[in-house]
Amino acid sequence: MDDKQRILSLRAELHRYNYLYYVKNSPVISDQQFDEMMHELQRLEALHPEMADPNSPTQRVGSDLSHEFVQVTHRYPMLSLANTYNRGDVADFYRRIEDGLGGGPFDICCELKFDGLSISITYEQGHLVRAVTRGNGLQGDDVTANVRTIRSIPLQLGEGDWPEQFEVRGEVLMPWDSFEALNRQRAEREEPLFANPRNAASGTLKSKSSSVVAERKLDAYFYYLLGEDLPSQFHYQNIEKLGQWGFKVSRNMALAHSVDDVMAYIDRWDKERSHLPVATDGIVLKVNSLAQQERLGMTAKNPRWAIAYKFKAERARTLLKDVVFQVGRTGAVTPVAEMEPVLLAGTVVKRASLHNQDIMEGLDLHYGDYVYVEKAGEIIPQIVGVDTDARTVFLGDRVKFITTCPECGAKLVRYEGEAASYCPNDVGCPPQIKGRIEHFISRDAMDIESLGPETINEYYQRGLIKDVADLYHLTVSQLCGADGSRLKSAQKVIDGIQRSKSNSFGRSLYALGIRFVGKVAANTLAKHFRTIDHLMQAPLEELMAVNGIGKTIAESIIHYFHEERNLDILRRLREAGVNFEEQASQAPQSDVLAGQAIVISGVFDHHSREEYKQIIEDNGGRNVSSISSKTNFILAGHNMGPSKLDKANKLGIRIVSEDEFLDMIGEDGQA
């Protein structure tokens, strides 16, 4: 392949990886691999100026824009940093600073590079007024409502010498503890796991439901201050001020007075970063003096006064012993590599998910291969390559994906648009049957503490249960043993099952295990439709009008309630007394908005979007997420989306401003 063909190939690949990373939040290659490809493309384009293309990946800052949010132009552009994995490049950067400043003295501020989603937040009079993602560097998504749920971000500053208006920039993160808990929940629901905390944080912050954001316990660290009236002309001192004003800043910054100081800082944190509560993927180096930063200036894409040094992921080499195939409760078949145990990032690793058929076959694995293993996001083991040089004539066969279910023998199927292969025998495949029952009794569902996977397996093997409804027909005599020796534990099981009947509708709905309907979605649906009957009768359009419910979830719900077997289980659960009705809530404060369907759009001054949703419900109204002919009016704040405004005008839907709305409901209706 000549240079020109390679340029075209690299552009196509990088465009695809950009899409998977920024839009789908599903990276398929490491940051280092991506950066290496980008650097290769930059080098080749420099050699062939005749191949210049304004749409080349090298000509833009990576974008995380989402068209589901209002776009806001940054007052100060958020350009990306040049980055490197090479310490020689760091030394070159230091020498360029020396040359650019004519040999005069300067300090470098060394900071940890947090691996999250960049955010810019504007404060006026000490109040948070707007939070915007980096986006394409020039404009980003307004995620103010979601950012307000992050407890480490101050909504209102206390007394201090802060300017009347300023911007603070930082990184929204998902701490390791929250990340592990989220992936455990997703694994239980057989949803794709987040590859790393960065993707989890990004996917969370872009959620259409602020309650999802609040539930996932995001965090944020701040690393830059912008404005007209800054407290200091030195970056380090400004960050110290941010800490005094109530912002969460890293206490691990340091000022370096020489290139040796910089290298010592890198050496220290390459080892110690594993002990931090959040993910870090490198070091950021900035010239400390703001006047010197301005003097050094910018390139077309990056500031000349800063660089990011990125750590290489820890990698180990080990022997692939076998690949086994596991079947989950939805029938998804997952290949899992079993390896010779190896120490990696502080823990012993001997198993790694291969995710699906495409990923497995792309690695071209053979039994007896030596494989390279990394921890994605420092936590999830994954095979990233094969040591082909170590292959011998004694190498085993190529690993092939199975065609039949390893548990029941059914022929596997792969649905259009799906990466996974499935066992379609959901009524006769034991792991699926037991998996659905285990999900039903889990803590977030029916919370039957006296039962567990081992007990469920025993009851299944004895023929006592074949679906979740059978649980409610168990008796003490069936469970206590022939000699009655387990009478106490049997009674505990029956009592736990009986107590579960009084769970909320949201729990009962989540327990059914409808595909893609997680805990938050189940609670949202329960509150909106109030009864299982109303939910079952809802058409696709009505389901999708519910806040946070997209087409995939809506179609899955409709499919579930069209399956005769599911309807039979639901009938038996209701006959047993399981609750499928939302209990009456506190009466609305007024009926000013009774019967009215209201869409909220834009950014508001007096209340958050979530507060306005509650105000609407408290006054008898109903929140809907999309505009239709049945919409009564739109509560519109600043920066209302142009597509919504256009649709409202075409349908003749009334636009109500924030102040008009508050006048409409009266002082008593305000939260």
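Predicted model: local features only at pLDDT ≥ 70, side-chain atom pairs only at ≥ 80, totals over all residues.

Student: Why is the pair of Tyr 123 and Phe 166 called stacked?

Tutor: Rings of Phe, Tyr and Trp (its six-membered ring) pair if their centres lie within 6.5 Å, and planes under 30 degrees apart count as stacked, over 60 as edge-to-face and the rest as tilted. The ring centres of Tyr 123 and Phe 166 are 5.4 Å apart and their planes are at 10°, so this pair is stacked. Tyr 123 belongs to strand S4 (residues 117-124) and Phe 166 to strand S7 (residues 165-173), so the pair ties together parts that are 43 residues apart in sequence. Strands here are DSSP runs of E with at least two residues, and helices are runs of H or I with at least four residues, both numbered from the N terminus.

Student: What makes the pair of Tyr 94 and Phe 106 tilted?

Tutor: In this pair the centres are 4.9 Å apart and the planes stand at 45°, so the pair is tilted. Tyr 94 is in helix H3 (residues 87-100), whereas Phe 106 is in the loop between H3 and S3, 12 residues apart.

Student: Is Tyr 94 buried or exposed, and how do you know?

Tutor: Buried means under 20% relative accessible area, exposed over 50%, and partly exposed in between (1.4 Å probe, protein chains only). Tyr 94 has a relative accessible area of 9%, so Tyr 94 is buried, and Phe 106, also with 9%, is buried as well.

Student: How do you know that Glu 575 forms a salt bridge with Arg 571?

Tutor: A salt bridge is a side-chain nitrogen of Lys or Arg within 4 Å of a carboxyl oxygen of Asp or Glu. The closest N and O atoms of Glu 575 and Arg 571 are 3.1 Å apart, and the pair therefore counts as a salt bridge. The two residues are 4 residues apart in helix H21 (residues 564-576), so about one helical turn separates them. Glu 575 has 59% relative accessibility and counts as exposed, whereas Arg 571, at 40%, counts as partly exposed. Both Arg 571 and Glu 575 belong to a network of salt bridges whose members include Lys 466 and Asp 568.

Student: What makes Arg 486 and Glu 458 a pair that links distant parts of the chain?

Tutor: Their side chains meet in a salt bridge (3.6 Å, N to O). Arg 486 is in the loop between helix H14 (476-479) and helix H15 (487-499), while Glu 458 is in helix H13 (residues 453-461), 28 residues apart. Arg 486 is partly exposed, with a relative accessible area of 35%, and Glu 458 is also partly exposed, at 27%.

Student: How many salt bridges does the count come to?

Tutor: By the rule given above, the count comes to 35 salt bridges.

Definitions and conventions
Residues numbered from 1 in each chain as written. Heavy atoms only, no water.
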